[in-house]
Amino acid sequence: MVRPNNQLPDNLPQLQNLIKRDPESYSDEFHTQYEHFLSLLEIFALNPGEENKSLDEIVMFIAQVAQCYPQVCQQFPKHLTDLLRSSATVLDPAMRNSFVKALILLRNKNLVPALDILELFFQLLRCQDKNLRTFLQTHIVTDIKNMNAKHKDMKLNSSLQNFMYGMLKDANPKAAKMSVDIMIELYKKNIWNDAKTVNVIASVGCFSNITKVLVTSLKFFLGHDDEDEAGSDSDSEEEVDLKGALMANRVNKKTKKRQKQLQQIKKQAVKAQKKKKNAPAFNFSGIHLIHNPQGMAEGLFKQLQSSNERFEVKLMHLDVISRLIGIHELFLFGFYPYITRFLQPHQRQVTRILQFAAQASHELIPGDVIEPILKTIANNFITERNSSDVMAIGLNATREICMRCPLAMGEDLLQDLAMYKTYKEKSVMMAARSLITLYREQLPAMLHKKDRGRQTEAQAERKVRAYGEKDVKDTVVGAEVLLKDSKTIDIGSDDDDTDSNDGEWVTVTHSDNEDRCEEQASDSEEEEEDDDDEEEDDDDEDDDEEAEESDEGVASDCEESTRKEKKENAKSSKAEIKMLDQKEAAQELALTRIFTDEDFKRINAANLKKTVTSARKRPLEQDRAEFVKLNSIEMIYKKRKHDKESRLETVQAGRQDRERFGWKDGRVNENCSKTNREKRKTKNFGMLRHKARSKVKKSFRDKQLAMRKHLLHQKKMK
């Protein structure tokens, strides 16, 4: 019996449902549809530019049920990949999207190897279809992330990275741009965060002839942790309030919807708790993983000199080169005369160029190389013909450069700049004083005697380093403060050696005097035992007294001899004891003891006290960071305007997008009338004087006078 609703040859969704339930019963129908697919594919290959809806439907049908007949569909992915490879650019966009979605379905069911599909998708990035490229980029990133979820597949990653290396050199700009975007996104997701990915972008992307690829690669090396920290802060703000949800569920009416929402909140809370327990993944800038930073810096500088790109692209070049020089302490002496040309107050983005000059400075660069930059800044910025803001920015830039390379500043130039500490503008004065404070810490001898200030203990201990000299610490700085607790230090043995003989026999040697004492004591004991055997009839009390007297005599002789020997040993050991000074004792203490958190707190407090002791105030903290912040150059002291016009401007600006103060009168409808009490607020006082007077309470005297007046008036009326 044939059912009237059974239209299997034409109704593919119904056949798909039945095949998934019972594949064996409908194998003949599937074979028929597969043969039909092969015939349609041959017809479509003759004219791939036209859309074929029947082929589209049957391709998606076979992709949905391919896992039920793996032997029959073994060649199905190959037919689709061959068609896409041969005529991807001329295919109809709808048919191309259909074939790609079918391959993704097969990939999700593990019916196609990942490497073949991903290589095909990378080639499809050349197509002139923006939606397809975006779809492929999302799938490639997601697929590679899923493959490396449990453990990293190094073999697959290596082969894909090699293929990507060739894609970056592709002549098609869109394919190359999409490839570098995929690599950067995978690096940020901690999937391809190895040195190989970074060096492919550094060696190929940063030297690409395609401007978009070049800019994207340079931006990758300029990015660091700020964006990740902002994202983590936003995630932490959206924490799940499980306690509030449980309380609300206890109070509110119980419904299925609220129970479902509560279960979701519980799952989110558990997920957030697991996320907190996981170790944090530290993702830092890829500029640290470059194998050949010197070659990259030289190549970028050569490319910068010969390029005709926009000024913004040149600034990116300067930023990357300066970071490479500063972080890896490179030598690129041609960079400094090149950047000196742009150091003019009227130059566009001049504060960023000053930032690059500071980033490219480090201690290993000779002072003669950086000194022309400081003189140019002094001549072009720090002059009274410029405004106070320009002078302050120039002094701040000088301070940032000298913080990284103190030997670049000459003594005459430093003393001239220090004279601006009494300048009339406070911004210039504060910038000059910050420069003086820096050299008080680094090289106080270069300052004038009156500018050196009162010397602190930390400055007295600091040693002036010559060019190229490294300050290597051989102990924990400030460990002298812990010597008060430990009066003696065992130099010959460590703490670890004390427990090395646990559970073993240890031979203990005695001196000759001690051996003699022990022999005498044992002889006396034997004699007492013989006497006891011979004289058994004697009283026990007499025996005890004799034994005690004999023991005391032997013990007193032994004590006298041991005292003499100890005195002799003490005299001889005084010559062997090594007297340590405070520094050596602190070094030995650091080698023989494990410091606790409390010890480090005491050390930090002592070091901080040294910076304050004998000083008028605490000096500025000069910590050398990897990157120079733009605020440290642009941040200048600005005096607030106190005239009436500027204050009114700020008042009016604060009133924007704000309702008028006190304007609400409590009416629901603004067009309705007001009450008498509200109307009274807007009336003139003369109209309400009599009502205000009536409210005043009369005194007793006023009441008497009013009563008298009233009675006299009544009398006259009679």
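Which helices do the buried residues of helix 8 pack against? Let's find out. You're looking at a predicted model, where local features need pLDDT of at least 70, side-chain atom pairs count only at pLDDT 80 or more, and totals for chains, interfaces and linings use all residues. Residues are numbered from 1 along each chain as its sequence is written, and side-chain values use heavy atoms, leaving out hydrogens and water.

**Stop 1: helix 8.** Select residues 154–168. Helices here are DSSP runs (H or I, at least four residues), numbered from the N terminus. Now highlight the buried residues (under 20% relative accessible area with a 1.4 Å probe, protein chains only; exposed is over 50%, partly exposed in between). Among them are Leu 156, Leu 160, Phe 163 and Met 167. The buried residues of helix 8 pack against helix 6 (114–124), helix 7 (130–147), helix 9 (173–188) and helix 10 (195–203).

**Stop 2: the largest nonpolar core.** A nonpolar core is a set of buried Ala, Val, Leu, Ile, Met, Phe, Trp, Tyr and Cys residues joined through side-chain atoms within 4.5 Å. The largest one has 150 residues. Helix 16 (residues 311–328) gives the most to this core, with 10 residues. Next, click Phe 335, one of the residues with the most contacts inside this core. Leaving aside neighbours within four places in sequence, Phe 335 is in contact (heavy atoms within 4.5 Å) with residues including Phe 301, Leu 318 and Phe 356.

Stop 3: Select Cys 206, buried at 0% relative accessibility. The whole structure has zero disulfides (pairs of cysteine sulfur atoms within 2.5 Å).

Methods
Helix = DSSP H or I, 4+ residues; strand = E, 2+ residues; numbered from the N terminus. Expected span 1.5 Å × (residues − 1).
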